[in-house]
Amino acid sequence: MTMLIEDKILFNEIKNRNLKVYEALFSNYYPGLVRFAEGYLFDKQVCEDIVQNIFVYLWENAEKINFEVSVKAYFFQSVKNGCLNHLRNLQIRDRHNLMYIEALLNREDADGSEDPEIILQIRHAISRLPEQMAGVFNLKYLEGKKLKEIASIKQISENTIKTQLLRAKDKLRKILLETTTVKFIL
Amino acid sequence: MPKEHTIIDFEIIWKKINGNLIAQEELFLSKWLDESPLHRQYYESALRFYREGSNFIDAKRETEKAWKSLQTKISKEGRSSSRWIVPSIAVVAAIFLIVDLIWFSSKTETPAVTASKAQQIKPGTNQATLILNDGSVHNLSTSGTLVLNADGAEIKSRGTKLEYIEKIGAATEIKYNTLNIPRGGEFNLQLADGTNVWLNSETVLRYPVQFTGKERRVELSGEAYFEVAKNEKVPFIVESGGQMVKVLGTKFNISSYKENHFIYTTLVHGSIEVSIKGKPEIVQILTPNEQSTIDMTEGKISKSTVDPYQFIAWKEGRFVFQDQTLESMMQTLSKWYDIEVAYAREDLKNMRFTGNLRRYDDFGEVLNKLKKTNEVDFAVDNKKITLK
């Protein structure tokens, strides 16, 4: 997958120590990244540290880094690696990708398009949701539509969408629970 | 000291919180939890998160705060390779202890023997002793959950926070309780009027159980951060070591340790009046971002503008040192880690450091960071640290 020209430009500006661009990237991605990290580490303080570390590393080492992915992917992959590192030191592993799913669900701009294996897992779980919930959930997490768009497609208020998504997440957790139980016994 | 490390799959933690575990899994979880307080800490964070949701709420504000913090960690000048300035033992040299540097440095470093001894010095925990009006003592750290009906209120403790719920009924006399935090401890207290207090190590707070009458008066020795419930008709007064602070409803930090002869009061929000007991003519009014300093030996009061974050960071789980002497840093750290500090050379005491450390790190982490500055070395003997 080739890099978008916008991303190439952004990375170049960072290499050239453009503080304004750096600050803009930070303001834009910080909340999403922290919430994503919360799917792994839960503690706000720890998550903020990890995300901030990544930004420091980016600033200090931009010349050396080989950016091959989009800006968004760079940040999210770095946070994921940082979290997994932290978890390794706590002797925790996550073979069923439960944390990744939770992390994705935490992000407001989540769209599972980053990881095909995860999409499969989520699709399977979604197929067991009640039809109405499944519809809304697919639009949000697999097609990456914004709440406004979903509201207009389904002809329901944004608030109702939000509630449905919350309920869907809860149900999804229960479904994942059942499926992982089966895996464990096997 | 090699420890046996059990690797747990997150699935077990997840199932424990969201569903059910079979006996085998329960045992495994217990074993993993027992292996390190950090494991337990992680588990508690997960539990809290699933029950109460994220703490990251005001995204705009959090991001602004984080940006400020980030700016102190990045170098803005040209691309110099020696980013961490290592000064000689000169007059005012700021040495940056960068927390992040550790995260990226190679993990193949084997700690020195003394450093691994220091790893055993653990950070503080929630510890407190409650003394009721009749003098009976309750240890809040070991008793875990505590529910009492005493002195006209329902008193609840859940291991980290002590709460008072006022019982309706006229109080005939004001009854006092005392909360005692030892070295290496910290605790959270909610008074009957809704005022929230964070108490740091080596601190004692004496307070009325019920708030009746014309004022709400408490006595402090040590350090505490207050968020006073607003009540314009009944001012909140904090007495500490000869200082009086009068408050209507506001957020501030008082540091009043007997061994210093200075009392520092930092105002975050609202408005407070600081005065010296017995000298009613001296009254200082603080506005947000101001700090009052009382020199107890001279009986003098002065005021300055500050960034309050440095002084309340402890309640947010961090130590923030801004161009501070090693001696003063060690005084703060020794209370939290419950250690003794000695200096091989007098001039070490005046070395200055700037840094931002995590309160819940083992003391070994702190020493490692100091060592990386190449200016200080140390020897560890049980709970006594000698800096050289």
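The model described here is predicted.

Two packed helices are described by the angle between their axes and the distance between the axes. For α2(A), which spans residues 19–41, and α3(A), which spans residues 44–61, the angle is about 140 degrees and the axes lie 8 Å apart. The pair is therefore oblique. The crossing in which α2(A) passes α3(A) is right-handed.

Helix α2(A) also packs with helix α4 of chain A, residues 71–89, at an angle of about 35 degrees and with the axes 10 Å apart. Here, too, the crossing is right-handed. On the α2(A) side, the residues in this contact are A:Leu25, A:Tyr29, A:Leu33, A:Phe36, A:Ala37, A:Tyr40 and A:Leu41. They meet A:Val71, A:Phe75, A:Phe76, A:Val79, A:Cys83, A:His86 and A:Leu87 in α4(A). The contact of α2(A) with α4(A) contains 13 nonpolar residues and one polar residue, and no charged residues.

Chain A contributes 33 residues to its contact with chain B, and chain B contributes 34. On the side of chain B that touches chain A, at least two residues each come from β1 (8–9), α1 (10–18), α3 (37–52), α4 (59–71) and α5 (99–104) of chain B. By class, this side of chain B consists of 17 nonpolar, 11 polar and six charged residues. The two chains are also joined through strands: β1 of chain A, residues 92–93, is linked to β1(B) by two bridges, and the two strands run parallel. Within this pairing, A:Ile92 is placed opposite B:Ile8 of β1(B).

Chain B has 388 residues, of which 30% are buried. Its secondary structure includes 10 helices and 26 strands. Of the contacts in chain B between residues at least 6 apart in sequence, 53% link residues at least 24 apart.

Terms used
Residues numbered from 1 in each chain as written. Chains lettered and ligands numbered in written order. Predicted model: local features only at pLDDT ≥ 70, side-chain atom pairs only at ≥ 80, totals over all residues. Axes fitted to C-alpha atoms, helices over the stretch in contact; angles between N-to-C directions. Helix = DSSP H or I, 4+ residues; strand = E, 2+ residues; numbered from the N terminus. Parallel < 35°, antiparallel > 145°, perpendicular 65-115°, else oblique. Left-handed = near helix turned anticlockwise from the far one by under 90°. Contact = placed C-beta atoms within 7 Å. Nonpolar A, V, L, I, M, F, W, Y, C, P; charged D, E, K, R; others polar. Pairing = 2+ DSSP bridges. Buried ≥ 20, exposed ≤ 12 C-beta atoms within 10 Å, placed from the backbone.
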